[in-house]
Amino acid sequence: MPAVTAPAYKKGDFFVDYEEKVFEDVQAEAGEKALVTFHTVAFEGSIGLVNMLQAKRLQRKGFETSILLYGPGVTLGVQRGFPTIGDEAFPGHQNFENQLTAFMDEGGKVYACRFALQALYGHGEPALVKGIRPINPLDVLDLQLLHRRDNAYVVHTWTM
């Protein structure tokens with residue numbers, strides 16, 4: 001039977017070389033846009049949070065960046081809390097609201113489909129995180145087409 005002879009990891013050890021960057025640090029050119037769409041359910045996986053971080057990174061690289069919440073993606077943009085709105089019931093409970101708010105504070109725009117908000121998930125516009133712009137369901141496609149017309153970088157977040 002093989003014996004493990006390597007010493008146990010300890011706090012402060014490195015697992016990987018996190019400082020090496022392989023590719024150039026691409027920055028947006030003047031007027032470049034980005035759109036990140038979300039058709040994923042809050043708390044059903046990491047993709048919602050990860051791509052919110054990607055949207056924030058695109059914004060910081062100089063892209064005029066927008067987020068589109070549609071279908072189950074609108075669940076990322078509703079206010080939460082327990083026992084009251086805004087309270088964090090467990091660590092990370094407010095991650096989505098915190099990330100969206102920080103993104104908007106840095107100039108990003110967030111849109112949420114009114115149809116999905118009401119018809120699919122039973123929320124009204126007052127349930128949205130402050131700063132999120134509710135839009136007509138017909139605007140969901142047009143927002144994407146406008147970004148396509150502008151040669152924007154688009155990330156589609158779709159999970160089932």
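These legends accompany several close-up views of a predicted model.

The model is predicted, and local features need pLDDT of at least 70, side-chain atom pairs count only at pLDDT 80 or more, and totals for chains, interfaces and linings use all residues. Residues are numbered from 1 along each chain as its sequence is written, and side-chain values use heavy atoms, with hydrogens and water left out.

View 1. Helices (H or I, at least four residues) and strands (E, at least two) are DSSP runs numbered from the N terminus, and two strands pair if DSSP finds at least two bridges between them. Between β2 and β3 (residues 109-113), the parallel pairing runs over 4 bridges, and Ser 66 has Lys 109 in β3 as its bridge partner.

**View 2. The largest nonpolar core and Val 110.** A nonpolar core is a set of buried Ala, Val, Leu, Ile, Met, Phe, Trp, Tyr and Cys residues joined through side-chain atoms within 4.5 Å, where buried means under 20% relative accessible area, exposed over 50%, and partly exposed in between (1.4 Å probe, protein chains only). The largest such core has 34 residues, and those with the most contacts inside it are Ile 67, Leu 68, Leu 69, Val 110 and Ile 132. Two or more residues of this core come from each of β1, α1 (47-60), β2, α2, β3, α3 (114-120) and α4. Leaving aside neighbours within four places in sequence, Val 110 is in contact (heavy atoms within 4.5 Å) with residues including Ile 67, Leu 100, Phe 103 and Ile 132.

**View 3. Thr 75 and Asn 136, two loop residues.** Thr 75 is found between β2 (64-69) and α2 (95-105) and, at 10% relative accessibility, counts as buried. Apart from neighbours within four places in sequence, Thr 75 is in contact with Thr 40, Val 41, Ala 42, Arg 80 and Tyr 121. Asn 136, in the loop between β4 and α4, is partly exposed, with a relative accessible area of 34%. The side chain of Asn 136 reaches the backbone nitrogen of Leu 138 at 2.7 Å.

**View 4. Aromatic pairs, of which the whole structure holds 4.** Rings of Phe, Tyr and Trp (its six-membered ring) pair if their centres lie within 6.5 Å, with planes under 30 degrees apart counted as stacked, over 60 as edge-to-face and the rest as tilted. The rings of Tyr 9 and Phe 15 have centres 4.6 Å apart and planes at 85°, so this pair is edge-to-face; both Tyr 9 and Phe 15 are exposed. The rings of Phe 43 and Phe 96, with centres 4.9 Å apart and planes at 75°, are likewise edge-to-face. This second pair links distant parts of the chain, with Phe 43 in the loop between β1 and α1 and Phe 96 in helix α2, 53 residues apart. Phe 43 is partly exposed at 39% relative accessible area, whereas Phe 96 is buried at 6%. Ring pairs link Phe 43, Phe 90 and Phe 96 into a cluster.

Notes:
Polar contact = N/O pair within 3.5 Å; in protein donor to acceptor, adjacent residues only side chain to side chain.
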